[in-house]
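Here is a short tour for anyone who likes to check a model before computing with it. Have the viewer open and follow along.

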Amino acid sequence: MATAELESILDLNTLEQYCSAIGAGTLLKSVVLFEQLMPEYVSNLVKAKEAGDKETLCAEAHKFKGAAGSVGLRRIQEYAQLLQHGEEAQWETDHQVWLKIISDNAQDDLQRLKHFLEDRA
């Protein structure tokens, strides 16, 4: 995968810093924990959207943004960041698209992250 494409998915700068500081193996353990929690995060987002519960959707997006960012998932973090801000004018027209991007890419992005770290462990 080209570096530019990988940079759109993963926060390579942060990941390199983490790998230098704590090691790829240690970070991979955190990623495995995140992997166990991710289906619940995504499910909570979808359920809140389907229920029309904007407040919960924004709150869950905020949690997911922090969790995704903590393991270097750039794309997921960026779209969760957009999704958490229900007060923005663009939110009403675009939140469903953002949620779809998260839902469609979360698992693949996570696998790319794991491969990235496994290559460095």
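This is a predicted model: local features need pLDDT of at least 70, side-chain atom pairs count only at pLDDT 80 or more; totals for chains, interfaces and linings use all residues.

**The fold as a whole**

Let's start with the overall picture. The protein chain has 6 helices and 0 strands, and its pattern along the sequence reads α-α-α-α-α-α. A compact globule of 121 residues would have a radius of gyration near 14 Å, and the 15 Å of the protein chain agrees with that. Along the principal axes, the C-alpha atoms fill a box of roughly 45 × 25 × 20 Å.

| Property of the protein chain | Value |
|---|---|
| Buried share of the 121 residues | 40% |
| Share of contacts (separation of 6 or more) made by residues 24 or more positions apart | 68% |
| Accessible surface | about 6,600 Å² |
| Share of that surface on carbon and sulfur atoms | 49% |
| Distance between the mean positions of the positive and negative charges | 3 Å |

**A closer look at α2**

Helix α2 covers residues 12-22, and its buried residues are L12, T14, L15 and C19. Viewed down the axis of α2, these buried residues fall within an arc of 160 degrees, so they line one face of the helix.

What do the buried residues of α2 pack against? Their partners are α1 (3-9), α3 (24-50), α5 (74-84) and α6 (89-120).

Turned away from the buried side of α2 is a face with the exposed residues N13, S20 and A21. Is S20 buried or exposed? Its relative accessibility is 68%, and because exposed means over 50%, S20 counts as exposed.

For a sense of distance, compare S20 with K114: the two are 94 residues apart in sequence, and their C-alpha atoms lie 16 Å apart in space.

Finally, what follows α2? The helix is followed by G23, a residue with a positive phi, near 95 degrees.

**Putting it together**

In short, α2 has one face lined by its buried residues, which pack against α1, α3, α5 and α6, while N13, S20 and A21 are exposed on the face turned away.

Notes: Residues are numbered from 1 along each chain as its sequence is written. Side-chain values use heavy atoms; hydrogens and water are left out. Helices (H or I, at least four residues) and strands (E, at least two) are DSSP runs, numbered from the N terminus. The radius of gyration is taken over C-alpha atoms; the globule rule is 2.2 Å times the number of residues to the power 0.38. Buried means under 20% relative accessible area, exposed over 50%, partly exposed in between (1.4 Å probe, protein chains only). Contact means heavy atoms within 4.5 Å. Accessible areas come from the Shrake-Rupley method with a 1.4 Å probe; for residues, only the protein chains shown count as cover. Lys and Arg count as positive and Asp and Glu as negative; His and the chain ends are not counted. The place of a charge is taken as NZ of Lys, CZ of Arg, CG of Asp or CD of Glu. The arc is that of the directions from the helix axis to the C-beta atoms.
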